[in-house]
Amino acid sequence: MANPRRSSYSNNPSSERSSYSNNPSSENPLQTHFLSLSSLIYFLKRPHAFPFLLSVFILLTWVFLRLQHLQYFSFHQQDQYQENQKWRREDDGKANLVRFSSGFPSPISRDRRGWLLNPVTAANEAGISGGAITCASVHVGEIRPGGVRGNHRHHSCNETFIIWGAKTKFRLENNDIVGKGYAEVTISAKELAIAASPSGTAHALVNVDPVRTTFFLGCQDSILTYNSSTTDFNVWNDL
Ligand SMILES: *[C@@H]1O[C@H](CO)[C@@H](O)[C@H](O)[C@H]1NC(C)=O
Ligand SMILES: *[C@@H]1O[C@H](CO)[C@@H](O)[C@H](O)[C@H]1NC(C)=O
């Protein structure tokens, strides 16, 4: 059984060649493409192409299943991520803290120069209550790795904190947390946190970063002398 198209090629090779040489520009990939396509079709029509077709089919099935698996996996991961975010926001709420990415863009970093904020309005806009409405007294400082600041309870000032620079634990007294009596969250070196500690609430900042330094600003709404009648010191002994 002769294939007419195929026989026309083999019967008249010289005319083929001459047509090529007459017009060199026609010696193009399209012609070769057509040739290889027709020989492929010829090959596929033959019984010994069956194992080849079968393996192509198996390969495609594998690719399809693989893609489906990946898709499922990424959806699952996304779910997990959203779930984690939700829990973290709840924990942050219990610690009266809101965190932002300190990189650009973020709500506190509107251009490439970096972040800039007013602690009082930023806390207000972030929905944090119980902090200082005015800064009568401001402390700015650092905490080296392993260092602890705070771990005290002021009785005559509300305080708003801005914390950044290193992986830092923030602990705030919260009697709604059964058993512990405090809420505790960790912010990363790439985040900035705004937190508030109302008057009569204990707070502590711990640098848990192996290398980086934590920086913080504390804004208090009254000028207080740190003595035993205004402040309870060393509230927690596990820090
Ligand atoms: C702290 O905040 C409370 C309520 O927000 C307010 O009544 C009080 O005057 C503030 N300042 C001090 C020093 O307690
Ligand atoms: C603590 O400081 C306050 C002023 O802020 C003062 O009135 C009080 O007497 C001091 N208490 C002690 C125990 O020194």
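Tutor: Start with ligand 1. The shell around ligand 1 has one nonpolar, four polar and one charged residues. Keep in mind that this is a predicted model.

Student: Which residues are around ligand 1?
Tutor: They are S156, C157, N158, S199, D221 and S222.

Student: And what surrounds ligand 2?
Tutor: L224, T225, N227, S228, S229 and T230.

Student: How does the shell around ligand 2 divide by class?
Tutor: One residue is nonpolar and five are polar. No charged residues are in that shell.

Student: New topic. In what order do the strands of the open sheet come?
Tutor: The order is β6-β5-β8-β3-β10. That makes five strands, with antiparallel pairing.

Student: Which strands stand at the edges?
Tutor: β6 (182-187) and β10 (231-233). Each has a single partner strand, so one side of each has no neighbour in the sheet.

Student: What does the twist average from one strand to the next?
Tutor: It averages 20°.

Student: Back to β6. How many bridges join β5 to β6?
Tutor: Six. Strand β5 covers residues 168-173, and the two run antiparallel.

Student: What stands opposite F170?
Tutor: V185, in β6.

Student: Last one. What does UniProt list for residues 49-67?
Tutor: The unreviewed UniProt entry lists them as "transmembrane region".

Notes: Residues are numbered from 1 along each chain as its sequence is written. Chains are lettered from A and ligands numbered from 1 in the order in which they are written. This is a predicted model: local features need pLDDT of at least 70, side-chain atom pairs count only at pLDDT 80 or more; totals for chains, interfaces and linings use all residues. A residue is near a molecule or strand if its C-beta atom, placed from the backbone, lies within 6 Å of it. Ala, Val, Leu, Ile, Met, Phe, Trp, Tyr, Cys and Pro count as nonpolar, Asp, Glu, Lys and Arg as charged, and the others, Gly among them, as polar. Two strands pair if DSSP finds at least two bridges between them. Helices (H or I, at least four residues) and strands (E, at least two) are DSSP runs, numbered from the N terminus. Axes are lines fitted to C-alpha atoms, for helices over the stretch in contact, and angles run from 0 to 180 degrees between N-to-C directions. UniProt positions are given in the numbering used here, feature names are shortened, and annotations may be inferred rather than shown by experiment.
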